[in-house]
Amino acid sequence: MSALFGTYARSDLAFARGEGMRLYTGDGTEYLDFNSGIGVNALGHHDPHLLATLKEQAEKVWHVSNVFTVPEAETLAQRLVDATFADAVFFTNSGTEAVECAIKTARRYFYDKGEKDRYEIIAFTGSFHGRTLAAVAAGGNAAYTEGFGPVLEGFKHTAPGDLKAVEALIDDKTAAIMIEPVQGEGGVTAFPVEFLQGLRKLCDQHGLLLILDEVQCGYGRTGKFFAHEWAGITPDIMSVAKGIGGGFPLGACLATAEVAKAMVPGTHGSTYGGNPMACAVGNAVLDRVLEPGFLDHVEKMGQVLAWNLQQLVQRFPQYALEVRGKGLIAGVKITPPVRDFVARLRGHQLLAVAAGENVLRLLPPLIVTEADITEAMGKIADAFAELDKEAADKA
């Protein structure tokens, strides 16, 4: 019996090493990784540049705390500012902490302006913003708040896609609208650019802040550096994590100068956030993601993956119903229970992820090739064919 908290429904699989798109168990069994640590391992496993950077930094300084200047953090923050809408960055250890910082920053912004009662955030059903008490309140999913006492107040929810419904929720307490441009956990739903543009317009009309949660869909995964770029909009605050550290715990909250100025000394903090190890690796990840041609490759592979998933829908309409997502955050709504099907795929040496609305979620490392996609589709097709055979045997 494990001594760990029983908070995860863990598979018995344990991996001894990884290489590119592959993970290997102790006995050498090879698995094709379309899970990538739930979107974290953006550059796959054992990337030489990340490995060399980590080793080099490990020989220097691991941790000093944020009472001192951390050159690696200063560099990474400036590079993120140069590449995005943002003027300032707060580093965290994870996505949920980045969301927590975004929520606090929005509330503090209006407090600082003398509008102390303006703290409510409009969020959307089907969203997932993390596991802290504020993040589960923002997500609004009862499955994640049940049993944890009073839910943090200050969040209103509506179904995504209806701008009039969003506007109807705005009142003199509303501070911000928060959304994932592509919902991951909730069912791999990519929202139309018109809806995202409409949210930006509502924020501008009513003096609200737009918070984007790009923890899963950002950092190149859709084929742009951040998913909101497809809509030609910019947020006021954005939470980032997963791909930013390529497997090393790192997250960030990005904001405009106008908003970030409210976060003065003493308003927020993190013991490990932005430490030298994390930010050295973060700089190495950024070296690769912003290389000329890298995002073009992701966009092309996203198109290849979507086309192949459409072929599966046509070939197995009894099991595959609908293709979802954008770029390399892709999904297909299936009829078999998705968690059972993810487990079945492990039997075919393919790693994938379950998502809400019974969607099979595919999050390959961004270095995936056409050959990898072809191989993965073959494994999914084999698993569907296996279901057909089992049904025939029972008949």
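Helix 3, which covers residues 71-83, has 13 residues and reaches 18 Å from its first C-alpha to its last, close to the 18 Å expected at 1.5 Å a residue; the expected span is taken as 1.5 Å times one less than the number of residues. The model is a predicted one, in which local features need pLDDT of at least 70 and side-chain atom pairs count only at pLDDT 80 or more, while totals for chains, interfaces and linings use all residues. Residues are numbered from 1 along each chain as its sequence is written, and side-chain values use heavy atoms, with hydrogens and water left out. Helices (H or I, at least four residues) and strands (E, at least two) are DSSP runs, numbered from the N terminus.

**Helix 3 and its surroundings**

- The buried residues of helix 3 are E72, A73, L76, A77, L80 and V81, where buried means under 20% relative accessible area, exposed over 50%, and partly exposed in between (1.4 Å probe, protein chains only).
- Seen down the axis of helix 3, these buried residues fall within an arc of 165°, so they line one face of the helix; the arc is that of the directions from the helix axis to the C-beta atoms.
- P71, E74 and D82 are exposed on the other side of helix 3.
- Packing partners of the buried residues of helix 3 are helix 2 (48-58), strand 4 (88-92), strand 12 (251-255) and helix 10 (276-289), with contact meaning heavy atoms within 4.5 Å.

**Helix 4**

- Helix 4 (residues 95-112) has 18 residues that should span 26 Å at 1.5 Å a residue, and the distance of 25 Å between its end C-alpha atoms agrees with this.
- Buried positions in helix 4 include G95, T96, A98, V99, C101 and A102, and I103, T105, A106, Y109 and F110 are also among them.
- G114, which follows helix 4, has a positive phi near 90°.

**A nonpolar surface patch**

- V61, V64, V67 and F68 make a nonpolar surface patch of about 360 Å²; patches are made of residues with over 30% relative accessible area and no salt bridge, with like charges joined within 9 Å and nonpolar side chains (Val, Leu, Ile, Met, Phe, Trp, Tyr) within 5 Å.
- F68 lies in the loop between helix 2 and helix 3, and F68 is exposed, with a relative accessible area of 54%.
- Accessible areas come from the Shrake-Rupley method with a 1.4 Å probe, and for residues only the protein chains shown count as cover.

**Charged side chains**

- The structure holds 21 salt bridges, each being a side-chain nitrogen of Lys or Arg within 4 Å of a carboxyl oxygen of Asp or Glu.
- E30 and R22 form a salt bridge whose closest N and O atoms are 3.1 Å apart; E30 is partly exposed at 36% relative accessible area, whereas R22 is buried at 15%.
- A network of salt bridges links R22, E30, D372 and E375.
- E115 and K113 meet through their side chains in a salt bridge of 3.6 Å, N to O, with E115 partly exposed at 27% relative accessible area and K113 partly exposed at 45%.
- D236 and R200 meet in a salt bridge of 3.2 Å, N to O, and this pair links distant parts of the chain, with D236 in the loop between strand 10 (209-213) and strand 11 (237-240) and R200 in helix 8 (residues 193-206), 36 residues apart.
- Both D236 and R200 are buried.
- R288, found in helix 10, is buried with a relative accessible area of 19%, and R288 touches L43, D47, H49, F294 and I367, not counting residues up to four places away in sequence.
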